[in-house]
Amino acid sequence: MYVLNANHISKSYKTAGETMRILQNVNLQVMKGEMVAIMGPSGSGKTTLLHVLTGVDTPDDGEIVIGGETFSQLTEEEKAFFRRKHMGMIFQDFQLLESLTVKENILLPLILERKEADIQQERFSRIADVLGIEKLADKGITEISGGQKQRVAIARALAMEPELLLLDEPTSALDPISTSKIEDLAMELKKDYTIVMVTHNMQQAARISDKTAFFLLGEVVEYGETEQIFSMPKDKRTEDYITGRFG
Ligand code: ADP
Ligand code: MG
């Protein structure tokens, strides 16, 4: 069963009278339990795709089905509700609220959903334990390190136990040690979640994903098993990117 089924997604932006096609007929199917890497150079439309998939932005064309719901046909209000319940987003810049503590940030989706206090407590304990951030509960966001913020952002995305986790370059702001810790954590999460991870880091895609979609100029050039993409790419452009002969 597909957790995510996106078909014929197109998106353009108009700037200074010019139309820029950012996503061109993108198709992406993700099965339950898979970890899919969206790999491609900067400016290829990866973040735009995540924005469209989460309803933060509206596609010009195409259909998005998530967990059996035709997400692209929902109203803005329904999308926001659906997103909070079924999708966990981890943004490139974390987007944590500095007016709230670590624990409040993590529990915010549950607070908005008016979940009972004991459910909130149980959820926090379990997730904070997995991520090793129990001791940070009452700290302010400005008091914690980049690697810790990254964990808090992941914890918040997990708080609602979503069907689909979407990560935008989860380690681009981190040092190599924090990066490998987050990659290890992603491998752990893989067991229980369906994950779409955007990365421009080939080694990362190769190391932790099951499938890779190679993105170039808003198009999916190639999509398949990660092992196959890296050992025997079918498209010359994928091969050039992987071997560093790109551009
Ligand atoms: P990536 O995440 O792969 O680096 P993005 O999706 O952020 O790429 O951007 C793809 C292209 O779309 C870029 O050329 C960017 O300038 C353009 N773009 C993104 N958002 C907007 C917007 N709101 N208005 C106009 N152009 C945009
Ligand atoms: Mg981006």
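Glu122, Arg123, Arg126 and Glu161 are linked in a network of salt bridges. The model is a predicted one. In total, the structure holds 14 salt bridges.

**Salt bridges across the chain**

Side chains of opposite charge can pair when their charged atoms come close.

| Pair | Closest N to O distance |
|---|---|
| Arginine 207 and glutamate 183 | 2.8 Å |
| Lysine 190 and aspartate 210 | 3.3 Å |

Arginine 126 belongs to helix 4, and glutamate 161 sits in the loop between helix 5 and strand 7, so the pair ties together parts that are 35 residues apart in sequence. Arginine 126 is partly exposed, at 38% relative accessible area. Glutamate 161 is partly exposed too, at 37%.

Next comes a helix-to-helix link. Glutamate 183 forms a salt bridge with arginine 207. Glutamate 183 is in helix 6 and arginine 207 in helix 7, so parts that are 24 residues apart in sequence are tied together. Glutamate 183 counts as buried because its relative accessibility is 9%, under the 20% cut-off. Arginine 207 has a relative accessible area of 38% and is partly exposed.

Then there is a link between loops. Lysine 190 forms a salt bridge with aspartate 210. Lysine 190 lies in the loop between helix 6 and strand 8, and aspartate 210 in the loop between helix 7 and strand 9; these distant parts of the chain are 20 residues apart. Aspartate 210 is partly exposed, with a relative accessible area of 28%.

**Helix 6**

How far apart are the end C-alpha atoms of helix 6? They are 20 Å apart. That agrees with expectation, because 14 residues (176-189) at 1.5 Å a residue should span 20 Å.

Which residues of helix 6 are buried? They are Ser178, Thr179, Ile182, Glu183, Leu185, Ala186 and Leu189. These residues cover an arc of only 160° around the axis, so they lie on the same side of helix 6. Pro176 and Ile177 are exposed, on the face turned away from the buried side.

The buried residues pack against several elements, among them strand 3 (35-39), helix 4 (117-131) and helix 5 (146-158). Strand 7 (164-168), strand 8 (194-199) and helix 7 (202-208) are also packing partners.

One of its side-chain oxygens reaches to within 3.0 Å of the backbone nitrogen of isoleucine 177.

Key
Residues are numbered from 1 along each chain as its sequence is written. Chains are lettered from A and ligands numbered from 1 in the order in which they are written. This is a predicted model: local features need pLDDT of at least 70, side-chain atom pairs count only at pLDDT 80 or more; totals for chains, interfaces and linings use all residues. Side-chain values use heavy atoms; hydrogens and water are left out. Helices (H or I, at least four residues) and strands (E, at least two) are DSSP runs, numbered from the N terminus. The expected span of a helix is 1.5 Å times one less than its number of residues. Buried means under 20% relative accessible area, exposed over 50%, partly exposed in between (1.4 Å probe, protein chains only). The arc is that of the directions from the helix axis to the C-beta atoms. Contact means heavy atoms within 4.5 Å. A polar contact is a pair of N or O atoms within 3.5 Å; within protein, one must be able to donate a hydrogen and the other to accept it, and residues adjacent in sequence count only if both atoms are side-chain atoms. A salt bridge is a side-chain nitrogen of Lys or Arg within 4 Å of a carboxyl oxygen of Asp or Glu.
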